[in-house]
Amino acid sequence: MFPKELLSSTMAAISPLLSVKPTRGLVDEKIQIIVRNLPARFPVTLHSLYLSEDKDYWEAFGHYTSDNRGTVTVSEHASVGGTYEGTEPMGLLWSMQPVPGSRTGLRLRKMNVLTPMVVHISVFSGHVTEGFSKQSPLATVVIERWYLAPGVRRIDIKEDGITGTLFLPSGPGPFPGVLDLWGGGGGLVEYRSALLASHGFVSMALEYFSTEKNRASNLHIKYFEKAFRIVQEHPLVMKDNVALFGLSLGTSITLHMAAYSKAVSPRCCVCVSGSHVQPINSPFKDVSEKFQENGSKIRVDEDGCLIWKDIILPIPTDPGLKVDMGRIKCPVILIVGEDDQSWATVESAEDMTQMMRAAGNEHLLTTFRYPGAGHLIEPPYTPHVRASNFIVQPIRQKVTMLWGGYPKPHASAQEDSWEEILRFLQQHLYPSQDSVPKAKL
Amino acid sequence: MFPNKLLSSTMATISPLLSVKPTRGLVDEKIQIIVRNVPPRFPVTLHSLFHSEDKDYWEAFGHYTSDNRGTVTVSEHASVGGTYEGTEPMGLLWSMHPAPGSRTGLRLRKMNVLTPMVVHISVYSGHVTEGFSKQSPLATVDIERWYLAPGVRRIDIRDEEVKGTLFIPPGTKGPGPFPGVLDLWGGGGGLVEYRSALLASHGFVSMALEYISTEKNRASNLHIKYFEKAFRIVQEHPLVMKDSVALFGLSLGTSITLHMAAYSKAVSPRCCVCVSGSHVQPINSPFKDVSEKFQENRHKIRFDEEGGVIWKDIMLPIPTDPGLKVDMGRIKCPVILIVGEDDQNLAAVESAEDLTQMMRAAGNEHLLTTFRYPGAGHLIEPPYTPHVRASKFMVHQTGEKVTMLWGGYPKPHASAQEDSWEKILRFLQQHLYPSQDSVPKAKL
């Protein structure tokens, strides 16, 4: 590292310039980071800092050396150390982790989508690994990351017993629709729907496991069918172009409805980190209890984190214990993290594929498997966590859940799968799009 | 225009796609507008709509025909009609005018810089010239135009009777120090923040200063000491490099700027930005009396055929008496001069010629860079907000409400705003950030 005195006299006449573009963007937009006016071959650290809604600090950093012109271009130069390595244009966002001294078991989620995530990007002199808050950076740029594009409207839905949030793109429509189903963590999670609306889909985030003590959960299939119809019947929605989008338990619901619902017919289905394994001969609403019956298969790792993966293993041969995939009539995209420790999604994907092959509808299925990715495959660039605090609904038990995955492959999975999902939705929900490549589906 | 039914069956399977990028940007950032998936060789209208803080609607529109692939790319295709013509990437913003039926004499200004301007960009089928609100567009994208970059802080200054607003570029404990700017608007008065907000978004600590009060119970203050105090507030701020503070003036603000650069013993600007201004002012009486001195030439005020007031001749002919203009030879710092050749409010062209001659005679002409813009008027502001040739104005000295003729025409004025802003930022970066390799070594 340069001694401070030499640094001061070298730097006095030249101000380092840090450029981050765009300063306001959607969370799935890439950023370009360039540092200029450094001395040549000078070590610097690029650093990101974010204060979450839960008041925790998250940070990431990468170690760089400027080139002969005193420039660092993050999309072209490699980080040689820090929370990410290599040439990683988005590394300062996806590799963020709680700062030293933080509470444990954290997960980064933006619950209020009406405001942006505000991230401070700074460049520090030298290769710094800790104590960033005690040093003065050479330059700082503040950026905003939005889940909501301008003009997208957010509407509370409390109708007919349904609790959800509807997001409408700006403009006259009509638009395709999405019913957006999260997993067993419960509550009303809006950010994926906000982002989908920012990409031109009417999307409703649905709450079915309430996190409030005085509210019942609702896992009756009729509840989901009602929610689907609310989207479908909205005046701005093309009623034949409504998709189901599920993650984890949301995928279980999605596949059940696609195969068995007489009331609704999704145009296509997005199934992330989920399985077709579920008891078919009892009401869907009892599915949690059925999973609980296999509680003995839950393992615990050396840090005390719960591994739920084995609950549905081995994949049953009994047809009464899994969705009859042969009944599915619409295109399905399946997103699987190969290091998923929460649900046996790899084994489920293989079994689903075999069932559809045998039934003759395999042409409807597209699967993307991501080595090194875990369970929580979400929209890109927010950080991966391998385990986090979780409240098991509806019994409200607090555990630390092992999700699996490793930062870099999980980040790649989020980036790639989101692109594939948007393309899939555009292809099947907007007919005759010349701009969409004719893929297998 | 295609009949609606033919349109519906053609369009049924293909949704027109309208893309505007970025959807959130600074007001001086360019936007890229592309329409896809309309039929080939299809007439469309691109339209913009803005609801101002004063609750007026402003709109612009351009008529296009899609190419063989059913695409319209605004940066490459020409508008053949509307509020702008030709290949104009930013035409939908700078050519906005009040919607039919609006009040008259309007001027578009964003007074609250903490929120963005929200503009609705739409594409309509056919070449539409009116009644946009009664038709359904094919697609709409909303965009936000911000004067404030993320992280820029806005601070009210109420310090020893100096009233202003300070804007500081981001960085919590630093970094900085930053260069500074004292930002002086013209005789319209009030506290106008948006240019300072934008300067801070480009890395300058900038203070917008109020010196002509629009409130009844607050006096105006045109004493030079007031401006010197304000300059020192910027200079002495812990995040400001004290030897790198500029004066930035428009109109009467330029008069103040030149006066201070030439005569102030208390402050020394590192450089000066002078927009739409003049060096003509009485030197032998206190600066604060400058308005009264202008009033003595009231008889030179003219009117156009619509009753718009033309103030240009008040200072013509440019005096030869040295007691009636700033001694430009005393100026020791670089000056950039921005002049609209159709300025009807102030004799900016004649003043520029005279002050150039004075500096040539005094041997300091090398400090001066002048940019003259044919067809531009008086109100040369940051780019892409619409030009108005005349607007309502309150003359504070007399309390009169008039319609002031500013001059200029939409397209050349828009070009002047775009080009001059770029030149001004480069000038400030060159002189306030020493040894910048990335800044071209210009004449200054």
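Student: What does the accessible surface of chain A come to?
Tutor: In this predicted model, the accessible surface of chain A is about 17700 Å² (Shrake-Rupley method, 1.4 Å probe). Carbon and sulfur atoms hold 51% of that surface.

Student: Which conventions apply here?
Tutor: Residues are numbered from 1 along each chain as its sequence is written, and chains are lettered from A and ligands numbered from 1 in the order in which they are written. Local features need pLDDT of at least 70 and side-chain atom pairs pLDDT 80 or more, while totals for chains, interfaces and linings use all residues; side-chain values use heavy atoms, without hydrogens and water.

Student: How many helices and strands are in chain A?
Tutor: Chain A has eight helices and 21 strands, where these are DSSP runs (helices H or I, at least four residues; strands E, at least two), numbered from the N terminus. Its radius of gyration, taken over C-alpha atoms, is 23 Å, close to the 22 Å of the globule rule (2.2 Å times the number of residues to the power 0.38), so chain A is as compact as a globular protein of 441 residues.

Student: What share of chain A is buried?
Tutor: Of its 441 residues, 61% count as buried, meaning under 20% relative accessible area with a 1.4 Å probe, protein chains only.

Student: Let us turn to cores. Which residues of the largest nonpolar core touch the most other members?
Tutor: They are Leu18(B), Leu46(B), Met207(B), Phe227(B) and Leu428(B), in a core of 138 residues. Such a core is a set of buried Ala, Val, Leu, Ile, Met, Phe, Trp, Tyr and Cys residues joined through side-chain atoms within 4.5 Å. Helix H8 (residues 410–432) of chain B gives the largest share of this core, eight residues. Apart from this core lies another, of 137 residues, including Phe201(A) and Trp343(A).

Student: Why would nonpolar residues gather like that?
Tutor: In soluble globular proteins, nonpolar side chains tend to be buried together.

Student: Where is Phe201(A), then?
Tutor: Phe201(A) sits in the loop between helix H3 (191–198) and strand E13 (202–207) of chain A.

Student: Is Phe201(A) buried or exposed?
Tutor: Phe201(A) is buried, with a relative accessible area of 0%. Leaving out residues up to four places away in sequence, Phe201(A) has contacts (heavy atoms within 4.5 Å) that include Phe167(A), Leu422(A) and Tyr430(A).

Student: And how many helices and strands does chain B have?
Tutor: Chain B has eight helices and 21 strands. Its C-alpha trace spans about 75 × 55 × 45 Å along the principal axes.

Notes: Buried < 20%, exposed > 50% of the residue type's maximum accessible area, 1.4 Å probe, protein only.
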